[in-house]
Amino acid sequence: METPHVLVAADKFKGSLTAVQVAERVTAGLRRVVPGVRVETLPVADGGDGTVAAAVAAGFERREARVTGPLGDQVTAAYAVRDTTAVVEMAEASGLQHLPAGEFAPLTATTYGSGELLAAALDAGARTIVFGVGGSATTDGGAGMLAALGARFLDGDGKPVGPGGGGLAELAEADLSGLDPRIADVDLILASDVDNPLTGPKGAPEIYGRQKGATEDDIAVLDAALVHYASLLGPETAALPGAGAAGGIGYGALVALGARFRPGIEVMLDVLGFAPALARATLVVTGEGSLDEQTLHGKAPAGVAAAARAAGVEAVAVCGRLALPPEALGRAGIRRAYALTDLEPDPAVCMAQAGPLLERAAEAIARDFLS
């Protein structure tokens with residue numbers, strides 16, 4: 001019998017383990033049961049937070065830039081570069097992680113720093129930019145991002161409107177003539193796991209505003225402001241899939257930067273070199289913190305499992321908690337899922353002891369599939 005070759009391609013367990021740590025723990029557990037097993041690790045992400053870390057783990061060079069955070073202060077943001085390809089994660093500049101605990105700014109949080117981060121990638125010589133969007137603190141339709149790249153958004157007096165989605169209510173003129181000309185020569189890929197439109201009942205304010213601290217009144221204000229903004233830049237683009245990603249930054253990228261939308265996990269698997277790694281594998285281990293209904297809609301484990309099934313390679317999953325029945329897992333291409341809550345039912349202990357518990361789950365995978 002040939003030596004099994006396991007590919008560990010899992011996302012982070014949010015709040016407890018990075019994708020790199022997940023891969024390390026799974027590897028340790030597998031080798032405890034089958035010492036000679038060949039294990040290849042390829043931490044993955046779906047365009048949201050953790051995307052730059054996954055690119056760095058796959059051999060990209062980590063770079064940093066000082067940019068404007070969502071509240072207007074300076075923050076340090078990372079991006080990744082390999083040859084002429086850059087991976088830029090908007091959450092690094094404009095994400096919820098830059099807000100102090102319990103503090104939100106739903107009407108004024110800006111994506112200006114995301115534009116500065118794209119400019120840094122251009123300065124680094126990028127000709128292809130994978131722009132991962134998710135985890136944003138913002139709902140400004142990407143206006144801040146575009147302003148950082150040279151656009152001007154003016155009120156009736158010819159003065160710049162205020163930051164954030166709230167300021168767009170005063171918008172009288174949108175001037176894109178000053179946009180950085182280098183953008184026109186770049187292949188900008190909008191990588192996201194959400195396909196919401198910009199506004200309306202499935203739009204960015206209604207679906208994602210509350211997690212950014214928006215009240216019901218704020219949501220109404222933001223939705224009306226974004227409808228007005230889109231009326232000046234291009235209302236038809238507002239209905240496209242991905243326009244509502246990351247507080248509407250998807251719309252700004254699509255309407256003004258010539259971006260093309262692709263599901264984040266598909267893009268990242270291409271960028272990370274998943275196909276050649278999969279060709280070497282006899283078993284794939286994927287996973288994320290919570291395997292639930294959302295997983296089936298473009299999250300990393302679903303993308304990994306679908307690719308594995310297409311290649312005829314069996315896939316199993318690890319997770320913190322499992323909220324999918326076996327038949328749903330089967331439809332997604334996942335043969336079996338191993339949840340940490342099966343080993344430790346207390347969620348708080350599960351989070352705190354995620355590493356050792358994950359090693360135990362991997363031991364079970366080795367016993368069930370490798371020995």
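Visitor: Which residue in β9 does F131 stand opposite?

Guide: This is a predicted model, in which local features need pLDDT of at least 70 and side-chain atom pairs count only at pLDDT 80 or more, while totals for chains, interfaces and linings use all residues. Residues are numbered from 1 along each chain as its sequence is written, and side-chain values use heavy atoms, with hydrogens and water left out. Strand β6 (residues 128-132) and strand β9 (residues 187-192) run parallel and are joined by five bridges, strands being DSSP runs of E of at least two residues and helices runs of H or I of at least four, numbered from the N terminus. In β9, the residue that stands opposite F131 is L190.

Visitor: What is the order of the strands in the open sheet?

Guide: Two strands pair if DSSP finds at least two bridges between them, and in this open sheet of six strands the pairing is mixed. The edge strands, each pairing on one side only, are β3 (61-68) and β10 (260-263). The order is β3-β4-β5-β6-β9-β10.

Visitor: Which strands does helix α9 touch where it packs on the sheet?

Guide: Helix α9 covers residues 245-256, and its direction makes about 155 degrees with that of β9; axes are lines fitted to C-alpha atoms, for helices over the stretch in contact, and angles run from 0 to 180 degrees between N-to-C directions. Contact means heavy atoms within 4.5 Å. The strands that α9 touches are β6, β9 and β10.

Visitor: At what angle do helix α1 and helix α15 pack?

Guide: Helix α1 (residues 19-33) and helix α15 (residues 354-369) have their axes 7 Å apart, and they pack at an angle of about 45 degrees. That makes α1 oblique to α15, because angles under 35 degrees count as roughly parallel, over 145 as roughly antiparallel, 65 to 115 as roughly perpendicular and the rest as oblique. Among the residues of α1 in this contact are V22 and L30, while those of α15 include L358 and I365. The angle asked for is about 45 degrees.

Visitor: Is P43 buried or exposed?

Guide: P43 is found in the loop between β2 (38-41) and α2 (51-57). Not counting residues up to four places away in sequence, P43 touches V8, A10, A19, V20, A54, A57 and L272. Buried means under 20% relative accessible area, exposed over 50% and partly exposed in between, with a 1.4 Å probe and protein chains only. With a relative accessible area of 6%, P43 is buried.
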